[in-house]
Amino acid sequence: MTPPVLLDIDGLRVSVGGRPVLRDVSLQVRSGEIAGLVGESGAGKTMAGRAVLGLLPDAARVLSGEIRFDGTDLLSLKARAREALLGRDIALIPQNPMTALNPVARIGTQIVDGLRMHLGLDRNGARARAVELLQAVHLPDPESLLRRFPHELSGGMRQRVLIASAFSCRPRLVIADEPTTALDVTVQKQCLRLIRELQRQHATAVLFVTHDLGVVAKLCDSVAVMHGGRILEFRSGDDIFRAPRHPYTRALLAATPRFDRPGDTLVPVSAEVLARLQEEVDVYDAAH
Ligand SMILES: Nc1ncnc2c1ncn2[C@@H]1O[C@H](COP(=O)(O)OP(=O)(O)O)[C@@H](O)[C@H]1O
Ligand SMILES: [Mg+2]
């Protein structure tokens, strides 16, 4: 049976400083499923994720569209209701584990504060829960880790802490914005496995943002391919890989290394495909 839609982005148009960055973006994430949002740098992936989290830059304007979370339109929520939802029901795993943690606060303080605020736990309860969380992401000696500062941890450990924080309040949706891009390949794989493990354990829905189709291939139930602020194709993960429809998706696949076909020659996305996309964007912008 298909799980119900949890996050429904519908016809979202956003501009920054008068420049369109999201052009009629529509995509859904179903309960307990992983949806991939894939595209090259500048496609608008981070903007889409930030729109859901209510973290668009000040200069951004939502021109039209809706973002429904379990039926509630996030864009029309009052600030307080939205804040209550964020961090608790919807959490973020950010791209850069170096800058996402507060450098002058101990790891323990950062996790414990979130648990106290969102779950109303007392200090001891929150501390005990923090230890469990660090254990769940396979970090050794969690008690002593809680007393350390971010700079004392490796990039991979910091990302584990952020993954633990994101899942700490048992959110229903996690937005992972290129969560492994800043890490080396081995650590990347460990972090992906970990996200998968926690996602399955808690049946969390995940919007997984990445420029790497190879990552999405193994992870996602459905995939949205994005370019120029537009969703070009949104289909089941299997379909995207077996029978890509959009020329850009096909080009992107041909440009992505495949684990199952290591000898393949990779072909970069052609100027012709990109020129065609730009034409479509120009037509779209002229009409809006
Ligand atoms: N803070 C910002 N202010 C203005 N424009 C931005 C800002 N961040 C991103 N943009 C622009 O919005 C578009 C989409 O960017 P982004 O969502 O970051 O792409 P992606 O995450 O897919 O690489 C790009 O054209 C980018 O230049
Ligand atoms: Mg981005």
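# Notebook: sheet, ligand shell and loops

S15 stands opposite P20 in β2. I started from that pair, in a model that is predicted. I then looked up the other side of S15. There, S15 stands opposite R61 in β4.

**Entry 1: the sheet**

I traced the strands next. β1 and β2 run antiparallel and are joined by eight bridges. β1 covers residues 5-16 and β4 covers residues 60-69. These two strands also pair in the antiparallel sense, over eight bridges. In what order do the four strands lie in the sheet? I read the order as β2-β1-β4-β5, in an open sheet with antiparallel pairing. The edges are β2 (19-30) and β5 (72-73), each of which pairs on one side only.

I checked the β1-β2 hairpin for its turn. Two residues sit between the strands. G17 takes a positive phi there, near 55°.

**Entry 2: helices against the sheet**

Helix α1 (residues 45-53) lies across β1, β2 and β4. α1 runs at about 115° to β1. α12 also packs on the sheet, where it touches β1 and β2. The direction of α12 makes about 100° with that of β2.

How many of the nine residues of α1 are buried? I found seven, so the word for α1 is mostly covered. The buried residues are K45, M47, A48, G49, A51, V52 and L53. G54 follows α1 and has a positive phi, near 70°.

**Entry 3: ligand 1**

I listed the shell around ligand 1. V16, R19 and V21 belong to it. Which element gives the largest share? I get α1, with three residues.

A polar side-chain atom of R19 is 2.9 Å from an oxygen atom of ligand 1. A43 has a polar backbone atom 3.2 Å from an oxygen atom of the ligand. For M47, a polar backbone atom lies 2.9 Å from a ligand oxygen. On its own, ligand 1 has 560 Å² of accessible area, and the protein covers 62% of that.

M47 is among the buried residues of α1, and its backbone has the 2.9 Å approach to the ligand.

I moved to helix α11 (residues 247-254). Its buried residues are Y248, T249, A251, L252 and L253. What do they pack against? I noted the strands β3 (34-38), β9 (222-227) and β10 (230-236). The helices are α9 (213-219), α10 (237-242) and α12 (271-287).

T256 lies in the loop between α11 and α12. Is T256 buried or exposed? Its relative accessible area is 11%, which is under the 20% cut-off, so T256 counts as buried. The T256 side chain reaches back to the backbone oxygen of L252, at 2.6 Å. Setting aside neighbours within four places in sequence, I found T256 in contact with D212, L213, G214 and L266.

**Entry 4: P171**

P171 sits in the loop between α7 (155-167) and β7 (173-177). I looked up its relative accessibility and got 4%, so P171 is buried. With neighbours within four places left aside, the contacts of P171 are R88, D89, I90, A91, A166 and T204.

I checked two residues here. D70 has a phi near 50°, positive in a residue other than glycine. D70 is in the loop between β4 and β5. Its relative accessible area is 44%, so I log D70 as partly exposed.

E178 has a positive phi too, near 45°, and is again not a glycine. E178 is placed in the loop between β7 and α8 (185-202). At 9% relative accessible area, E178 is buried.

Note on methods. Residues are numbered from 1 along each chain as its sequence is written. Chains are lettered from A and ligands numbered from 1 in the order in which they are written. This is a predicted model: local features need pLDDT of at least 70, side-chain atom pairs count only at pLDDT 80 or more; totals for chains, interfaces and linings use all residues. Side-chain values use heavy atoms; hydrogens and water are left out. Buried means under 20% relative accessible area, exposed over 50%, partly exposed in between (1.4 Å probe, protein chains only). Contact means heavy atoms within 4.5 Å. Two strands pair if DSSP finds at least two bridges between them. Axes are lines fitted to C-alpha atoms, for helices over the stretch in contact, and angles run from 0 to 180 degrees between N-to-C directions. A polar contact is a pair of N or O atoms within 3.5 Å; within protein, one must be able to donate a hydrogen and the other to accept it, and residues adjacent in sequence count only if both atoms are side-chain atoms. A residue is near a molecule or strand if one of its heavy atoms lies within 4 Å of it. Accessible areas come from the Shrake-Rupley method with a 1.4 Å probe; for residues, only the protein chains shown count as cover.
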